[in-house]
Amino acid sequence: MSRQSRSFTTVNAIERTRNLGCTVVRRLVAIPAALVALAVMGSGCRHDGRELRPALPSQDGSVSTSAAPTVPATEDDFFDTAAAGGAVPGGPIEPSTTVLGTVAVSTIAPLATVLTVTAPWRDGAPIDPRYTCKGANVTPPLSWSAAPQGTKEVAITLIDEDANFDHWTMAGIKPGTTSLAENTPPEGAVAALNGSGAAGYTGPCPPAGTTHMYRITVYYLDSALLLSSGGSADDMRAAIDDATLATAEVTGTFTGS
């Protein structure tokens, strides 16, 4: 074999090897490319037929095609959206509600039974003169609803609504007490000075020819006041107000003569 032939043969061998290597590389590259193509074709089967416009050369960032969640502007919007089954991320939720899915369910306890006070007269009716300065001037018998849970003490006041006059301020009543006999303070009760300067009760006594409204209030307190008799009515009433858990009341009128 001549030198020229050997050279030709050597060159062909190298070319064959090179060609073979290129074929392998092309096949290895073609496999993932085919997988990508299949994935693209598969995803294309789920779109709605619309195509995105090709990106401009300057648009080298990613673009989200998902709409941002809408946050209701008001509580009404929030509950309207919830009722329709829509998502309400960031929507206003009342502190006492629990959200199950997208429906707000209230966990607020139902309202308690209305608390009442019973006096020897109908609510808003004239007061029996026996319990006024024109009669025996003694405390009326009263009864009231059982104390709500959490009550530590009960207090009672009688106020002239028209003159803002304190006729009776009493605290220290045991929480299990639900009635008061005529002219008989409960055991352990303490009374503040009334508007006349005496500790305890003084009955309605408006000026002649005038009719005043009087309000008896029973206070259910969430703490024991630990006060003594003979103190200021203002101080006792302030302490009562600070500890009030619930109240019940009855009103009556009296005309002076």
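Reader: Does His167 count as buried or exposed, and at what relative accessibility?

Author: This is a predicted model, in which local features need pLDDT of at least 70 and side-chain atom pairs count only at pLDDT 80 or more, while totals for chains, interfaces and linings use all residues. Residues are numbered from 1 along each chain as its sequence is written, and side-chain values use heavy atoms, with hydrogens and water left out. Buried means under 20% relative accessible area, exposed over 50% and partly exposed in between, with a 1.4 Å probe and protein chains only. His167 therefore counts as buried, its relative accessibility being 3%.

Reader: At what distance does the side chain of His167 reach the backbone oxygen of Gly203?

Author: His167 is found in strand 7; helices (H or I, at least four residues) and strands (E, at least two) are DSSP runs numbered from the N terminus. A polar contact is a pair of N or O atoms within 3.5 Å; within protein, one must be able to donate a hydrogen and the other to accept it, and residues adjacent in sequence count only if both atoms are side-chain atoms. A polar side-chain atom of His167 lies 2.8 Å from the backbone oxygen of Thr202. For the backbone oxygen of Gly203, the distance from the side chain of His167 is 3.1 Å.

Reader: What is the order of the strands in the open sheet of six strands?

Author: The chain comes to three helices and eleven strands. Two strands pair if DSSP finds at least two bridges between them. The open sheet has mixed pairing, and its six strands stand in the order 4-11-10-6-7-9.

Reader: Why is one side of strand 4 and of strand 9 left without a neighbour in the sheet?

Author: Strand 4 (125-126) pairs with strand 11 in the parallel sense over two bridges. Strand 4 and strand 9 each have a single partner strand, so one side of each lacks a neighbour because of where they stand in the sheet: at the edges.

Reader: Which residue in strand 11 stands opposite Val218?

Author: Strand 10 pairs with strand 11 in the antiparallel sense over eleven bridges. Strand 10 is also joined to strand 6, by eight bridges and again antiparallel, and there the bridge partner of Ile159 is Arg215. In strand 11, the residue opposite Val218 is Ala248.

Reader: What angle does the direction of helix 3 make with that of strand 7?

Author: Helix 3 packs on the sheet, touching strand 6, strand 7, strand 9, strand 10 and strand 11; contact means heavy atoms within 4.5 Å. Axes are lines fitted to C-alpha atoms, for helices over the stretch in contact, and angles run from 0 to 180 degrees between N-to-C directions. The angle between helix 3 and strand 7 is about 55°.

Reader: Within what arc do the buried residues of helix 3 fall?

Author: In helix 3 (residues 233-243), the buried residues are Ala233, Met236, Ile240 and Ala243. An α-helix has 3.6 residues a turn, so residues three or four places apart point the same way. The arc is that of the directions from the helix axis to the C-beta atoms. The buried residues of helix 3 line one face of the helix because, seen down its axis, they fall within an arc of 100°.

Reader: Which exposed residues does the face of helix 3 turned away from its buried side carry?

Author: At the start of helix 3, a side-chain oxygen of Ser232 comes to within 3.2 Å of the backbone nitrogen of Asp234. On the face turned away from the buried side, the exposed residues are Asp234, Asp235 and Asp242.
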